There are 4 protein chains.
Amino acid sequence: MSEISIIGAGGFTGKELLGLIARHPKYKTVHITSDKLAGKSLSEVFPDLISPENLIFKRHEDEVPKGSLVVLAVPNEASLELAPKFLDKGHKVIDLSGVYRLHDQSLFEKNYKLKHTSFSLTDKAVFGIPEIFRDKLKGADFVSNPGCFSTSVILAVYLLGDLRKKVRARIVADCKSGISGAGGRVEDGGFSFNSVYENFRAYKILTHQHEPEIQEYCFAGSGLSHPEILFVPHLLPVYRGILSTMYLEAESEDLPILQTLKENSKSETFVRIRETPEEIDLAKVNQTNFLDISARVRGKNITIVSALDNLMKGAASQALQNINLMLGEKETLGLI
Amino acid sequence: MSEISIIGAGGFTGKELLGLIARHPKYKTVHITSDKLAGKSLSEVFPDLISPENLIFKRHEDEVPKGSLVVLAVPNEASLELAPKFLDKGHKVIDLSGVYRLHDQSLFEKNYKLKHTSFSLTDKAVFGIPEIFRDKLKGADFVSNPGCFSTSVILAVYLLGDLRKKVRARIVADCKSGISGAGGRVEDGGFSFNSVYENFRAYKILTHQHEPEIQEYCFAGSGLSHPEILFVPHLLPVYRGILSTMYLEAESEDLPILQTLKENSKSETFVRIRETPEEIDLAKVNQTNFLDISARVRGKNITIVSALDNLMKGAASQALQNINLMLGEKETLGLI
Amino acid sequence: MSEISIIGAGGFTGKELLGLIARHPKYKTVHITSDKLAGKSLSEVFPDLISPENLIFKRHEDEVPKGSLVVLAVPNEASLELAPKFLDKGHKVIDLSGVYRLHDQSLFEKNYKLKHTSFSLTDKAVFGIPEIFRDKLKGADFVSNPGCFSTSVILAVYLLGDLRKKVRARIVADCKSGISGAGGRVEDGGFSFNSVYENFRAYKILTHQHEPEIQEYCFAGSGLSHPEILFVPHLLPVYRGILSTMYLEAESEDLPILQTLKENSKSETFVRIRETPEEIDLAKVNQTNFLDISARVRGKNITIVSALDNLMKGAASQALQNINLMLGEKETLGLI
Amino acid sequence: MSEISIIGAGGFTGKELLGLIARHPKYKTVHITSDKLAGKSLSEVFPDLISPENLIFKRHEDEVPKGSLVVLAVPNEASLELAPKFLDKGHKVIDLSGVYRLHDQSLFEKNYKLKHTSFSLTDKAVFGIPEIFRDKLKGADFVSNPGCFSTSVILAVYLLGDLRKKVRARIVADCKSGISGAGGRVEDGGFSFNSVYENFRAYKILTHQHEPEIQEYCFAGSGLSHPEILFVPHLLPVYRGILSTMYLEAESEDLPILQTLKENSKSETFVRIRETPEEIDLAKVNQTNFLDISARVRGKNITIVSALDNLMKGAASQALQNINLMLGEKETLGLI
């Protein structure tokens, strides 16, 4: 059994990951931290979590079991500080924050409104979408897990492969997320029942911190420059799930989009291409590591719809998929 | 008191209109029909409707009170048959179906999959968005009330006025509707609690029957040809409300979109321009005749967000606004 | 037009009352206060409220228009202080807090964990359920509006009339309320979307402050001592509405409960007795002043189900019904 | 690996059970049937189900793998016919319908409105609540899995042990269920989004088919006669979960209810006694095999609150707990 330590295990993603590891045949969670929950047991904090051992939350600064793989599920500021520390001590590290994803420091600092104190690590971090960077992820020591919105958009575009050379590099990504993807743990007024139920709104319109990340990776490997991304997230009155509707414009009519998506994902276990975009919905991917994609073409217009569970393929289960690669296990182990 | 007859009063829109007329100082509902509900009383069918008289549902074919204004809230096929009949008898008619909105018969027939049997009436029908066609609506005998999605998109674009000449005539309209706007009365599997709750999906992607209507009217009066519309409706797990996110592309950077929207709607009671598009939400327009609009511009990219209550400004209260104009009353009477 | 001042108009109930008065043919809101919202306009605070004049929120201490009827929609502590003040100045006052409902000071103080500083006023306050205290409410200067749960239970039992002498004075009242009836305005963790959605729980079990109020009034006029009430409120993942299920035990079998309820409410506009308790639901009373009641008897067991809108018959519209009586207007004016 | 066949695997419970078995270390589903879905694959029908093999649905009449344990998850009529057939062929059978639970044939037939064609089997069926009938369930060949409401009420009362002799045998069980517990798969009008969302109602008041089952088992082993049960189920606008509020009356004051519940469940893995009944909610038991219970006593009045996931401890996971016992495995295997 490989040992896993989760730093910041008290949030939405930490909980999902704990559940996944509990069911994984080769991993075992050995250490969990949360400065806020330190001293409490897992079953107190997450009474609905099925986990074999009733671990006690430690503090972030407490000693981490030697040799364990470290998952960082902490805010951006904490990741800046903790990632170098754990890497120095020889731990393999997978970071779920946004601080090691962008390769342009000034863009990062402007976007995250945060000074980067360990920027050189970014070059060492593999961006954790296995369907794109599988080879680099195998045996990797340091992985930067992508954002939930980002995964839903990047993969849908990336899998167009060479067809990306035939579309205009201006992509509208109109994304809709349940509250767990919009950061709803913080119990502020913005996520009260009153403000979410029987309501709907857009937020961070053209200003969301995931926009540059989508820009950096969705044309990866195509030899093209970064596309212009119009990213507008919206808040759905549901708990989990992201559905993204993307609008692209082709140079020529009737490109074989659906066929290409099928072709380019035929060996991917966790990408499912559906025949019509009307079949895509949150329920089909809920609590799974699947990303569902489909598309409709009308003349030069291409509409792609994708869906994933923001807590799973958008966070915890994609992290586990990456951990499988980092530790040399079968990529799908414990996920299917 | 002017008398109003509602043909097809048993649906979502009929109910809202009954409530609005009940509170209107100068109108009175005198006749309601529903072939399915014939013989039942209003309070049986709508126990939560506050209405002074407990009318009994008649059949569509029953005699309609002479001189009453007729509201047609029936399916497309029925409107084709009933509108000419009531107009012949000298009633003023406002039709809420989609059959008298498009001025291209073959486009209509292709789009609605329906042979048009009274197409010549389309030319007599005034399209019922008062903010665009106010003058023609005053005293009109025959009005075609617009669709709910259409109103949310058309008005948001129309109010750009001359700036429409500086945008590309290709508009992405990514719209999200509660189930009452998506036709959820019919109790089929598509609108079961299971299929809607904690779920979200797109439907009729690039194939919705409102698309040509949006195309016909959003550039009205600009002297420009019909724009290309990419209209994708989505189904929200809420009861009422539509939020539309629109993406336009300008010829030049930083057009004064918000300022222009304010300018062009300054005399409009029911259009509210908000400072930021993040302020737009369903709750603010719920059960009102308001259309809220805002926008954000980044370079040549323009993102407009609008919201309305699909049962109100998207149907019943806009119908009442039109009826006020048809009958020579103050446009806002009973609505504010 | 009679003038009405609302002290504490920024809450759930204040908003509903503002809407009701706006549609009332003989009343006009002339003054609204909220220490938190002072300086803001009505349309800023409640963008979906249809109201003729765009009043500005004042502070509680600001001068109230002479001669206006004062509605107190403030917390218990504030009502203790403000009610005597406004009564002294000659205003008619209707208080929506809980502080003038109980006639046993020590019970009040224990129950509300609050020292009563104007207890003598309790004797002057008429308890505002018109179906019970109509005669005293006519022309009354001071009315204490009942709680939402209380109304749903008290009236259902009270309307049994003399049959109350044949039931055991031990009543189980298992009540379920939407979040607006459970005090959900305060944006604390207890009413975050996370904690309410796809969830359900009981709260204040046998310890809710409305229990003594139900006890004091549900056997009113029967000559019997106060019943034992087992009151357990529950929190529904909905916005508005209360459904109460009550369990009583009779001395003898098959009492004519439904018939008696019908008989005793036959002249009541706002009480509707339904043939079967399965017909009772929140949707039928939503946004109305109706209280729906039905019952099922099996041997000596009596099960009564009632439903009301906690913001309406449970608060604002019942207040308006009381105001109509206080000002000598027709009781149903503006409510039907 | 023991082999399991699921007859009627296309429903709510079938799906849950498939997921549980897929994660179980010693069981394997080898055969699934559904007359309606015959020919379709598991991933088509349940795209969000994580299961190692993509089984194809067969017809009920198709050959069942020899030696496999048969789970019957079919309607009552089908269980009457199929259970004897599978038992005759030597399969171990666990039946999830209601037809082998009641030991009074005329009560059964009246209650289920169904003629019993294999009543003698009832005596052979062990009632599948392990916390009550563990010894009989070990190695059993035929088990009748209890109803979801029943489990939530029966166990809460049963665990009072000898204290049951000190309470009156009249129990009010006011139960609230999500739509999956109320039979919401059938897409009829009763479970449309419109009728459930922002709504709440009671159903089958004092007439639900689970009432006699609760009566038969909640005083099991106490030597007392069957109690009078007042069982009123209600429909919550949520997907899963049941919370039951029970009202009992004691002979004497202040019985040590909570302490007794703790004592009597101290060796039970899946029963959790919480300190206060306000802590009980659906979220804590969601997707687990736990039954949470707590209580409050006031004088002679006892209020007990329990919660479980109707699809898990109320159906599928309790079935798996029983299967573990039937097959001689550790009771908690695959459940914790």
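# Briefing: sheets, domains and chain contacts

In chain B of this predicted model, seven strands build an open sheet with parallel pairing, in the order 3-2-1-4-5-7-6. Strands pair when DSSP finds at least two bridges between them. Helices (H or I, at least four residues) and strands (E, at least two) are DSSP runs, numbered from the N terminus. Strand 3 (57–58) and strand 6 (126–127) of chain B are the edges, each with a single partner strand, so one side of each has no neighbour in the sheet.

Residues are numbered from 1 along each chain as its sequence is written, and chains are lettered from A in the order in which they are written. Local features need pLDDT of at least 70, side-chain atom pairs count only at pLDDT 80 or more, and totals for chains, interfaces and linings use all residues, while side-chain values use heavy atoms, with hydrogens and water left out.

- Strand 5 (residues 93–95) and strand 7 (residues 142–144) of chain B run parallel and are joined by three bridges.
- Asp95(B) has Ser144(B) in strand 7 of chain B as its bridge partner.
- Helix 1 (residues 12–23) of chain B packs on the sheet. This helix touches strand 1 (2–7), strand 2 (27–33) and strand 4 (69–72) of chain B, where contact means heavy atoms within 4.5 Å.
- The direction of helix 1 makes about 150° with that of strand 2 of chain B. Axes are lines fitted to C-alpha atoms, for helices over the stretch in contact, and angles run from 0 to 180 degrees between N-to-C directions.
- Helix 10 (residues 316–326) of chain B lies across strands 1, 2, 4, 5 and 7 of chain B. Its angle to strand 5 of chain B is about 155°.

**A hairpin in chain B**

- Strand 12 (residues 271–273) of chain B runs parallel to strand 13 (residues 291–298) of chain B, with three bridges joining them.
- Ile273(B) is paired with Ile293(B) in strand 13 of chain B.
- Seven bridges link strand 13 to strand 14 (residues 301–308) of chain B, and these two run antiparallel.
- Arg296(B) is opposite Thr303(B) in strand 14 of chain B.
- Strands 13 and 14 of chain B form a hairpin with two residues between them. In the turn, Gly299(B) has a positive phi of about 60°.

**Two domains in chain A**

- Chain A is assigned domain 1 (2–145 + 315–326) and domain 2 (149–308). The bounds come from an automatic or database domain assignment.
- The C-alpha centres of the two domains of chain A lie 24 Å apart.
- Their contact takes 20 residues from domain 1 of chain A and 22 residues from domain 2 of chain A.
- The two domains of chain A bury about 2000 Å² between them, 55% of it on carbon and sulfur atoms. Buried area is the accessible area (1.4 Å probe) that two parts lose on being put together, summed over both.
- Phe12(A), Glu131(A) and Ile132(A) supply 33% of the area that domain 1 of chain A buries against domain 2 of chain A, more than any other three residues.
- Three salt bridges are counted between these domains of chain A. A salt bridge is a side-chain nitrogen of Lys or Arg within 4 Å of a carboxyl oxygen of Asp or Glu.
- Glu16(A) and Arg240(A) meet in a salt bridge at 2.5 Å, N to O.

**Chain A against chain B**

- The interface takes 42 residues from chain A and 43 residues from chain B.
- Chain A and chain B bury about 3600 Å² between them, 53% of it on carbon and sulfur atoms.
- Eight salt bridges are counted between chain A and chain B.
- Arg168(A) and Glu249(B) join in a salt bridge at 2.2 Å, N to O.
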